[in-house]
Amino acid sequence: MITDPDRWRTVRRLLGEARELAPAERAAWLDRALDDPDLRAEVAALLAADDDAGGFLATPAADRAADLFEDTDDAFLGRRVGPWRIEERIGEGGMGVVFRAARADADFEQEAALKLVGRGLASRALLDRFRQERRILARLEHPGIARLLDGGLSEDGQPYFAMELVRGVPLTAYADERDLGVRQRVRLLRDVAEAVAVAHQNLVVHRDLKPSNVLVVEDADGRPGVKLLDFGIAKLLSDDDDDGTLTATTALMTPAYAAPEQVTGAPVTTATDVYALGVLLYELLAGRRPHDLGPGAAPTAVERAVCETEPPAPSAVAPPARARALRGDLDTIVGKALAKEPARRYVSASALAEDLGRHLDGVPVAARRPTVAYRVGSFVRRHPVGVGLTALAVVSLVVGLAGTAWQAHVAAVERDHARTEAERAEQTAGFLRDLFAASDPLNPETEGDTLRARTLLLRGAARLRSELADQPGVRASLQREVAVSLRNLGLYAASDSLLREAIALQREAGDRAALATSLYERSLTLDRLGDYDGTTETAAEALALRRAVLAPDDPDLGRAMDWMATVHEWNGLPDSALALEREAIALLERAVPPGDDRLLQARHNLGWMLVHQGRPAEAVPVFERTVAEARAADPDHPEIPATLTEWAIALRQLDRLDEAEALYDEALGAQRARLGADHATVGLTLSNKARVSLERGDLDRAEATYRDALRIFRARFGPEAYTNGVVLTHLASIARQRGQLAEAERLVLEALAIHVAAFPDGSDYTASTQIELARVLQARGRVEAATPHVRAALATREAQYGPDHRTTAEARELLADLTDG
């Protein structure tokens with residue numbers, strides 16, 4: 001058995017090349033091509049087996065199955081299998097032949113699709129997999145999945161099962177025969193994705209989704225519905241004995257619909273089915289498949305196409321009547337589903353179904369970054385008249401603002417370019433900042449028109465590039481301010497683009513002070529984008545520049561220290577984080593009065609670090625002082641709710657649960673009044689508050705609070721946000737404590753999929769979920785399956801926090817419990 005994916009790829013390539021040679025030439029070719037005797041032996045053995053089987057490895061699975069039935073169709077007709085009588089052959093699959101059958105007893109009339117394993121295929125492995133298919137079907141109950149009716153052994157020992165007989169039309173044929181429009185095609189694929197999602201929730205991956213396995217049937221009113229068939233090569237994710245190792249049965253797939261990981265022999269996950277759904281959607285919309293792979297395509301050609309070639313967007317190849325409707329949302333959804341890397345696809349089939357639903361509802365889809373042009377376009381389609389009038393006013397304002405700024409700068413240049421450029425830029429930037437403050441969601445005093453601000457900001461940025469092209473200092477300063485506003489609006493990619501341009505301009509000009517500010521702002525944006533290496537590198541450069549160019553007591557130097565300390569804490573450098581944070585606080589205490597936002601933020605961060613390092617008793621007085629100074633400056637200071645939340649976490653760790661809950665409630669009241677009941681910040685506080693109920697043992701109350709938080713996160717961030725994974729992990733813990741182990745496993749696997757997709761290189765969130773998964777598996781008596789997850793979590797925490805951190809100790813203790821038991 002070949003268990004190494006790289007080795008399997010090499011073997012498959014060599015087999016393809018060897019088959020092109022005459023049998024007599026192969027031995028000499030293998031001697032020349034291979035120095036590794038073990039690898040040569042494996043290839044030679046497979047070639048010999050292929051010759052003995054008459055080209056078995058090169059023959060499609062369905063053809064092999066049909067050939068392996070020794071009897072003719074006539075011999076099968078009328079034969080009794082269990083309570084069924086065979087009527088006619090209706091199809092073949094990778095492991096058997098399918099017949100139409102009718103009940104042979106007199107109890108009632110019923111027809112079924114009866115599947116039999118061919119005698120020539122009845123190896124132990126294939127029989128086991130056939131039984132697995134029967135187990136899979138038995139656990140799947142959904143209108144979109146053909147139902148299992150019966151199963152057993154025939155009189156001569158052939159395994160069989162009978163399933164719902166579906167008289168339907170293959171998915172793509174149905175759409176083409178009825179000349180369905182784009183929206184009707186999207187609805188069909190959404191229904192398919194929802195059926196696949198049910199399989200995934202039951203820990204089943206289909207692995208062979210294609211039009212012939214998705215039939216469309218119409219009800220009495222002519223409404224179409226989908227039926228998912230043939231789980232013949234499906235994988236049960238919960239099977240302990242199915243570890244993804246490669247054997248010849250890996251060939252049991254349809255290359256035109258296979259994901260890259262199937263082609264290369266990498267592990268198969270739910271993302272594999274998401275890819276196949278993407279192929280189906282592409283074919284439904286474009287009228288062709290993403291890759292031109294005929295039934296006789298060589299393995300090397302399949303691998304090159306599926307793993308290396310990016311297909312054109314569906315809109316680029318679709319019939320003209322459909323192409324225009326595909327541009328935008330649908331091209332983007334298909335592209336995400338067809339990503340080469342599983343982590344870049346939709347985290348689940350249900351997430352794909354939800355995004356298709358968003359498109360059908362005319363609201364923004366999760367597959368696209370929320371750029372201004374896209375959000376505005378989506379809004380305009382639903383409110384064309386009102387936005388049209390508003391846009392006219394916005395254009396006038398942008399033109400006037402850009403013109404005024406440029407003319408004012410020209411006058412300044414004429415007076416004294418060297419001395420006034422930076423001053424004028426700062427004045428204009430300040431004006432711009434004030435102008436956009438009314439739409440900034442982080443501004444506690446305003447509730448701006450966010451859509452209008454996004455339009456204004458992006459159009460204003462475009463005018464800066466063109467009309468201030470010969471004024472790089474002014475342009476860079478203004479672009480930085482626009483970028484900050486875009487970041488506060490959640491437009492992180494657009495913010496980063498502007499900051500990169502500003503940084504390049506300032507490097508070229510040698511303006512180190514301005515460059516330091518832009519680098520600082522970009523490090524904050526990169527953090528939001530999840531580029532943590534970039535965040536660290538950029539924050540360090542910003543701090544070094546500010547130390548070099550600013551006075552020792554400059555508040556901006558204190559802010560850079562504060563942020564760098566936070567980055568150190570996240571990077572597992574607790575001692576340097578605390579030292580730098582205390583240095584920042586000492587500087588700010590000299591430079592600004594008590595109650596200044598910068599000083600309050602630094603104190604808050606110091607308390608957070610102490611909590612994060614397992615030192616809550618030291619954190620409590622820090623939080624007390626921070627809240628007292630904030631209230632003295634402003635009873636409604638926006639820093640108060642955030643600090644109350646962290647303070648409550650410290651109290652919870654000290655088992656002062658009543659005090660913690662009171663602080664959470666105070667923070668929630670302030671956040672809801674200022675931000676609204678469904679703001680993401682409210683969701684974060686609810687998620688933290690639920691821990692109090694959890695530690696009291698009030699599982700019902702904890703679950704209700706977590707689900708409220710999850711509702712907010714899904715509405716605000718979509719189905720793939722890492723915050724969803726955090727909450728799902730806690731919900732899995734609750735289900736485990738109730739003894740609902742199957743539900744716990746389902747929840748924690750969903751959480752793990754989210755975290756793996758969000759943090760491909762690992763994270764503490766992933767480690768926490770792996771710990772919970774291990775506890776669930778341990779409770780289900782699957783200790784061997786649990787151990788690798790704990791080892792992975794322990795490695796992550798040791799690398800991030802060191803061997804002595806409390807979370808590292810938790811993982812180490814669980815590992816000892818598993819291995820000692």
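Student: In this predicted model, are helices H31 and H33 roughly parallel or roughly antiparallel to each other?
Tutor: H31 covers residues 722-737, and H33 covers residues 764-779. They pack at an angle of about 20°, with their axes 10 Å apart. Angles under 35 degrees count as roughly parallel. H31 and H33 are therefore roughly parallel.

Student: Which residues of H33 make the contact with H31, and how do the residues of this contact divide?
Tutor: From H33 come Tyr 765, Ser 768, Thr 769, Glu 772, Arg 775 and Val 776. They meet residues of H31, including Tyr 722, Thr 729 and Arg 736. The contact residues divide into 5 nonpolar, 5 polar and 3 charged.

Student: Are H26 and H27 roughly parallel or roughly antiparallel?
Tutor: H26 spans residues 616-633 and H27 spans residues 639-653. Their axes lie 9 Å apart, at an angle of about 155°. Angles over 145 degrees count as roughly antiparallel. So H26 and H27 are roughly antiparallel.

Student: How many nonpolar residues are in the contact of H26 with H27?
Tutor: H26 brings residues including Phe 623 and Val 627. H27 brings, among them, Leu 644 and Trp 647. The contact has 3 polar and 3 charged residues, and its nonpolar residues number 11.

Student: Is Lys 115 buried or exposed?
Tutor: Lys 115 lies in strand E4, residues 111-117. The unreviewed UniProt entry annotates Lys 115 as "binding site". Its relative accessible area is 4%, and under 20% counts as buried. Lys 115 is therefore buried.

Key: Residues are numbered from 1 along each chain as its sequence is written. This is a predicted model: local features need pLDDT of at least 70, side-chain atom pairs count only at pLDDT 80 or more; totals for chains, interfaces and linings use all residues. Side-chain values use heavy atoms; hydrogens and water are left out. Axes are lines fitted to C-alpha atoms, for helices over the stretch in contact, and angles run from 0 to 180 degrees between N-to-C directions. Helices (H or I, at least four residues) and strands (E, at least two) are DSSP runs, numbered from the N terminus. Angles under 35 degrees count as roughly parallel, over 145 as roughly antiparallel, 65 to 115 as roughly perpendicular and the rest as oblique. Contact means heavy atoms within 4.5 Å. Ala, Val, Leu, Ile, Met, Phe, Trp, Tyr, Cys and Pro count as nonpolar, Asp, Glu, Lys and Arg as charged, and the others, Gly among them, as polar. UniProt positions are given in the numbering used here, feature names are shortened, and annotations may be inferred rather than shown by experiment. Buried means under 20% relative accessible area, exposed over 50%, partly exposed in between (1.4 Å probe, protein chains only).
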